[in-house]
Amino acid sequence: MWSEMKVRHGVLWVLFLVLVVAVQMHLPEPVEPEVLAYRDVPDESFWTLRRHALRFAEARAREGFEFLDGTPGSASFQIQCKGVPVLHVERQPPLLLIRVALGTEQRAPAIYPLQATLQWSLVPLTYLEQVLSGVQEPTLQDRLLLTLAGDVPEDGRCGVR
């Protein structure tokens, strides 16, 4: 009886390890970005933010960065790293939202100084205001799946030397 329990316990551990390895090999990055909410800004300030992001992408185009305007009629823009969105800024009065894709620290770490520049003059919402506005953080499950998904392949990175 005791040996049967040991065998079952061992089999469960092996299955668990196989599951972890399979997840690391085949699971894509979670799509839920980290969203930071700020009080809305005047038009001139939004266009200044856009200009900073455009200059960043133009200066680093050879590294794989690309600037994209949002859909016509929307006040938004994004920066992509080799076709993968890593930063998205959207004006949804009374809010300004900045979304940074999970995994950006591996895929495109150069985005963080740009994000800091963009946020410098903005007034952030408190955590409670952000929740009441419906702006959600990535779930613990998303963060765990990202950790299990592993590293970004070298050819999928931007601005890393």
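How many aromatic pairs does the structure hold? I found four aromatic pairs, taking rings of Phe, Tyr and Trp (its six-membered ring) as paired if their centres lie within 6.5 Å, with planes under 30 degrees apart counted as stacked, over 60 as edge-to-face and the rest as tilted.

I looked up Phe46 and Trp47 next: their ring centres are 5.4 Å apart and their planes stand at 75°, so this pair is edge-to-face. Phe46 is buried at a relative accessible area of 1%, whereas Trp47, at 45%, is partly exposed (buried is under 20%, exposed over 50%, partly exposed in between, with a 1.4 Å probe and protein chains only). Phe56 and Phe65 also make an edge-to-face pair, 5.1 Å centre to centre with 65° between the planes, and both Phe56 and Phe65 are buried. Ring pairs join Phe46, Trp47, Phe67 and Phe77 into a cluster.

A note on the source: this is a predicted model, in which local features need pLDDT of at least 70 and side-chain atom pairs count only at pLDDT 80 or more, while totals for chains, interfaces and linings use all residues. Residues are numbered from 1 along each chain as its sequence is written, and side-chain values use heavy atoms, with hydrogens and water left out.

I then turned to the sheet, which is open, has five strands in the order 1-5-4-3-2 and pairs antiparallel (strands are DSSP runs of E, at least two residues, numbered from the N terminus; two of them pair if DSSP finds at least two bridges between them). Its edge strands, strand 1 (34-39) and strand 2 (65-69), each pair on one side only. Strand 4 (residues 84-92) and strand 5 (residues 95-100) run antiparallel and are joined by six bridges.

Key
Helix = DSSP H or I, 4+ residues; strand = E, 2+ residues; numbered from the N terminus.
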